[in-house]
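Work through the exercises below with the sequence and coordinates at hand. Each task is followed by a stepwise solution.

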Amino acid sequence: MAFNEYLADKLRQALKERKITFEEKNMMGGLCIMVDDKMCVGVIKEDLMARIGPHVYEEFLTRPAAREMDFTKRPMKGYVYLNSDGWDDDEELNIWIDQCLEFNKEARSSKKK
């Protein structure tokens, strides 16, 4: 299953501009970008997948183009999908990336130590 390479490139560039070290993994039929061994942001088909955290989840769901991430057929609190109406604008995309990076600081890694 292919994912939007244009969006993936925008994410890569935005993280490089912030001097964030990241790792890419092919997951869930898309691309997952890991920061500090934690899922941070990604691309599923044409959508941005954002791990924003549960404390701002309801607030960010009200933003244009955002919807619940229901990859498992159940909403995953703290994760949202954002369609191209939301991520195509660089200013809006940067708001999402900044929130993902902010939550990443407190998120737990699932990597075995």
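The model is predicted, so local features need pLDDT of at least 70 and side-chain atom pairs count only at pLDDT 80 or more, while totals for chains, interfaces and linings use all residues. Residues are numbered from 1 along each chain as its sequence is written, and side-chain values use heavy atoms, with hydrogens and water left out.

**Exercise 1.** Determine how many disulfides there are, a disulfide being a pair of cysteine sulfur atoms within 2.5 Å.

Solution. 
1. Take C32: the closest cysteine sulfur is that of C40, at 8.5 Å, which is too far for a bond.
2. Take C100: the closest cysteine sulfur is again in C40, at 5.1 Å, also too far for a bond.
3. The count is zero disulfides.
4. Check burial (buried is under 20% relative accessible area, exposed over 50%, partly exposed in between; 1.4 Å probe, protein chains only). C32 is buried at 1% relative accessibility, and C100 is buried at 2%.

**Exercise 2.** Find which residues touch the most other members of the largest nonpolar core.

Solution. 
1. Apply the rule: a nonpolar core is a set of buried Ala, Val, Leu, Ile, Met, Phe, Trp, Tyr and Cys residues joined through side-chain atoms within 4.5 Å.
2. The largest such core has 29 residues, and L11, L48, I52 and W96 touch the most other members.
3. Two or more residues come from each of α1, β2 (30-35), β3, β4, α2 (57-61), β6 (79-82) and α4 (90-104). Helices (H or I, at least four residues) and strands (E, at least two) are DSSP runs, numbered from the N terminus.
4. Apart from this core lies another of eight residues, C32, M34, Y79 and Y81 among them.

**Exercise 3.** Locate K19 and K45, and state phi for each.

Solution. 
1. K19, not a glycine, has a positive phi of about 60°. K19 is in the loop between α1 (5-17) and β1 (23-27), and is exposed at 75% relative accessibility.
2. K45 has a positive phi near 55°. K45 is in the loop between β3 (38-44) and β4 (47-51), and is partly exposed at 46%.
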